[in-house]
Amino acid sequence: MREFRIQSRIVGDEAPPLVIAGIGINHEGDVDKARRMVDDAARAGCECVKFQCHVIDDEMIPNDVVPGNTTDTIWNIMARCALGEDDERMLKRHAEASGLVYLSTPFSRAAADRLHRMDVAAYKIGSGECNNYPLVRHIAGFGKPVILSTGMNDLRSIRPAVDILRRADVPYALTHCTSMYPTPYDKVRLGAIGELRDAFPDAIVGLSDHSIGNYTCLAAVALGARILEKHFTSDKSWPGPDVPISIDPAELGDLVRGTRAVFEALGGGKTILPEEQPTIDFAYASVVTIRDINAGEALSAANVWVKRPGTGEIRARDFDRVLGRRAGRSIPVNTQIRWSDLD
């Protein structure tokens with residue numbers, strides 16, 4: 001059985017899915033917005049919030065690359081959205097005081113070191129760093145659980161990262177991801193969840209989803225996902241490159257409730273439950289007389305048939321077994337027949 005703990009929360013095949021509200025950089029560098037999103041996530045019933053940790057000089061060189069989901073450069077976006085260590089410590093305290101697990105994605109060695117100083121319970125590694133094996137190795141050295149997102153990577157490039165985590169003997173999870181913003185439903189590829197489970201049988205699997213709405217996350221639970229991450233914002237009118245693909249508090253609450261409902265509905269088999277007996281009593285049919293039957297008379301479709309309720313001794317499924325048998329006594333019309341009534 002695959003499982004590990006993040007603080008007191010068990011994450012695993014037999015545990016309810018962990019929903020992660022991906023606040024990321026949706027605060028746009030405003031800590032008041034960040035605090036509000038933490039509060040709204042808690043009120044929605046979410047158990048975990050995730051930020052991004054950016055130490056710009058250690059993360060990238062000056063550049064003018066523009067991501068596909070915005071018109072601004074990645075340098076300008078991160079310079080605007082990066083929080084200082086004091087602010088991140090405050091947000092971690094605030095999240096944990098609200099009963100939430102605090103996670104953050106480091107995008108550099110310096111960011112990982114900052115989170116280590118902050119004593120985070122686990123690390124989320126983003127898809128862009130999945131094949132950044134030096135950084136994966138550095139993070140694994142802290143000995144904490146790792147959730148590794150796998151967008152833009154195939155099994156061949158995921159495998160060396162997993163080998164690093166295994167050698168470090170850290171618990172780990174792999175989240176399937178499509179790095180398109182938003183992701184069209186036909187590009188989500190939920191079949192990859194099963195591929196990850198088969199290729200890495202010691203991994204917890206999940207879905208880091210960029211499609212619109214909660215449909216794909218709910219389906220992913222049925223396919224074995226036990227970690228679900230969605231971008232989250234308190235207000236969809238706020239600016240930010242990830243806000244258009246983010247869910248709001250009402251949708252987050254629906255996601256939490258929905259994933260738990262799907263999880264509870266899994267398993268079991270095609271058996272008859274004791275709790276179905278009250279329905280059986282009225283919904284099943286029993287063999288009954290449809291006219292008065294004299295003692296010694298043979299039973300046929302002319303004098304017996306099947307009718308509700310299902311409280312009779314001889315159920316409809318045994319109708320053919322009574323045909324041709326003779327009545328051992330006179331039986332009035334509309335009587336549920338018992339085996340003792342027959343010779």
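These legends accompany close-up views of a predicted model.

In this predicted model, local features need pLDDT of at least 70 and side-chain atom pairs count only at pLDDT 80 or more, while totals for chains, interfaces and linings use all residues. Residues are numbered from 1 along each chain as its sequence is written, and side-chain values use heavy atoms, with hydrogens and water left out.

**View 1. Helix α6 packs with helix α7.** Here α6 (residues 133–140) and α7 (residues 155–167) meet at an angle of about 25°, their axes 9 Å apart (axes are lines fitted to C-alpha atoms, for helices over the stretch in contact, and angles run from 0 to 180 degrees between N-to-C directions). That makes α6 roughly parallel to α7, a term for angles under 35 degrees. Helices are DSSP runs of H or I with at least four residues, and strands are E runs of at least two, numbered from the N terminus.

**View 2. A closer look at the contact of α6 with α7.** Tyr 133, Val 136, Arg 137 and Ala 140 of α6 meet Ser 157, Pro 160, Ala 161, Ile 164 and Leu 165 of α7 (contact means heavy atoms within 4.5 Å).

**View 3. Eight strands form an open sheet.** With parallel pairing, the order is β5-β4-β3-β10-β9-β8-β7-β6 (strands pair if DSSP finds at least two bridges between them). β5 (101–106) and β6 (123–125) are the edge strands, each pairing on one side only. From one strand to the next, the twist averages 25°.

**View 4. Strands β8 and β9 run parallel.** Five bridges join β8 (residues 172–177) to β9 (residues 204–209), and Thr 175 has Gly 206 of β9 as its bridge partner.

Conventions:
Parallel < 35°, antiparallel > 145°, perpendicular 65-115°, else oblique.
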